[in-house]
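Here is a friendly walk through a protein and the DNA beside it. Please keep the sequence and the structure open as you read.

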Number of protein chains: 2
Amino acid sequence: MSEEDEQPRPTRIQQKNRSVILEAALTVFSAQGFRGATIDQIAEAAGLSKPNVLYYFASKDDIYRSLLTGLLDMWLDPLRQIDPQGQPLAEVQRYVAVKLQMSRDYPRESRLFANEVLQGAPLLTEILGGQLREMVDGAASIFAGWIESGQLARVDPHHLIFSIWALTQHYADFEVQVRAVLGEGHDPYAEAGIFLAGLYDRLLKP
Amino acid sequence: MSEEDEQPRPTRIQQKNRSVILEAALTVFSAQGFRGATIDQIAEAAGLSKPNVLYYFASKDDIYRSLLTGLLDMWLDPLRQIDPQGQPLAEVQRYVAVKLQMSRDYPRESRLFANEVLQGAPLLTEILGGQLREMVDGAASIFAGWIESGQLARVDPHHLIFSIWALTQHYADFEVQVRAVLGEGHDPYAEAGIFLAGLYDRLLKP
DNA sequence: CGAAATATTGACCAACAGGTCAGGATCAGG
DNA sequence: CCTGATCCTGACCTGTTGGTCAATATTTCG
């Protein structure tokens, strides 16, 4: 029974360097896409040599996979937090606000996923059609219930969710465009917060 | 005075092959991003040999630039078509509908620009802060006028435009995600058309 | 037709990028 | 403080990719 096959717990150095590498990889992959990124860039950003990076991860692909899968749960978590018992409008507004804040605080993560999905999501297809789809269907049926009971205006729940994703992540993914068009002296996220609160208020009030 | 420095008009073959290459490049670049694309892939998609592609364009970069700049006007045209004399709500709804249709009919173009902006728009920064910004400001002040005269609800005009871009292009840029989440038996663009018409109706009616 | 202009290609090159490896440095813990 | 495990690196290998070039094929047009 005492199978000695268990993987050894990571040493302190392993733990630190793996996270340093993933942090660097997040910066590089989100800015350059998978193919655009090089191991050298990641190594440089991590302050390590290339062979040393490859000592901790088997391959570039391995880094990328670890990064994506490690971030996915955190990224989708707010969707899980929607409370069927809560006040419908407030629940949606909270979700919008949280997603917008995530775009502001974690733009690299947003761009990482955007890049991946844009390229056809070669690594996420199963998850998209599986786990994610179930989560979205779950949230959508909560919305549908609220609509049925007259607590929300009649809108397509799935597209309501898409709209929240599109509107909030837009500010991270297209940040250069937003800033270039607005010019100096703007706080895009603050303005977006007001705009989106008003939008979903008008859209969803029965 | 008869400067013979003018560039020779392109032959029929030049004209055809250049456009064949750009068409192929659009497919490849939009699916792979700039760095992910290879000249071989473009050549293959165009049905030409790699050296032959480089006979018509000086470099990979040259292909990419020609493609982007050639498409930009077409892509931004609908924004110019907003008529200050028109019926405010109808003008916005028309713009939304046109942009959504463009996402459906020209998803490659949408993804091409999305890729470029995501990576920081190294080639478009001047245009974004210059020509595009002026166009957006122009449209925004039309909207502002309509709001002032009570024909539209009070919303931030710039973010109104961003919202239209985000919502419509989302269906092209994140198409795999949308389809994966919706599953079979859906026509995302048709559903989105209904959803967005309702959204902007509720948002903008005074 | 025939010659000049244009179009096409196979072979090649240099730079780059992912990945390997043998050996040396460093560290943990008995 | 010694030894085995862990960590790190320079040098190297290989496949890919952007790009060149001389030579050949094709088109154009007088």
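## DNA strand D

Around DNA strand D there are 18 residues, and Thr11(A), Gln14(A), Tyr56(A), Ile39(B) and Lys60(B) come nearest; a residue is near a strand if one of its heavy atoms lies within 4 Å of it. Of the atoms of DNA strand D that come within 4 Å of the protein, sugar and phosphate account for 61%.

Several polar contacts (pairs of N or O atoms within 3.5 Å; within protein, one must be able to donate a hydrogen and the other to accept it, and residues adjacent in sequence count only if both atoms are side-chain atoms) can be picked out here. Tyr56(A) places a side-chain N or O atom 2.4 Å from a phosphate oxygen of DNA strand D, and for Gln14(A) the corresponding value is 2.5 Å. Helices here are DSSP runs (H or I, at least four residues), numbered from the N terminus.

## How the model is read

This is a predicted model, in which local features need pLDDT of at least 70 and side-chain atom pairs count only at pLDDT 80 or more, while totals for chains, interfaces and linings use all residues. Residues are numbered from 1 along each chain as its sequence is written, chains are lettered from A and ligands numbered from 1 in the order in which they are written, and side-chain values use heavy atoms, with hydrogens and water left out.

## DNA strand C

DNA strand C has 18 residues around it, with Lys60(A), Thr11(B), Gln14(B), Asn17(B) and Tyr56(B) coming nearest. Sugar or phosphate makes up 60% of its atoms within 4 Å of the protein, and bases make up the rest.

Phosphate oxygens of DNA strand C lie 2.6 Å from a polar side-chain atom of Gln14(B) and 3.0 Å from a backbone N or O atom of Ile39(A). Helix 3 of chain A, with helix 1 and helix 3 of chain B, are the elements that give two or more residues to this surface.

## A buried serine

Which residues does Ser163(B) touch, leaving aside neighbours within four places in sequence? Ser163(B) is in contact (heavy atoms within 4.5 Å) with Leu167(A), Phe195(A) and Tyr200(B). Ser163(B) sits in helix 8 (residues 157-173) of chain B, and its side chain reaches the backbone oxygen of Leu160(B) at 2.6 Å. Ser163(B) counts as buried because its relative accessibility is 1%; buried means under 20% relative accessible area, exposed over 50%, and partly exposed in between (1.4 Å probe, protein chains only).
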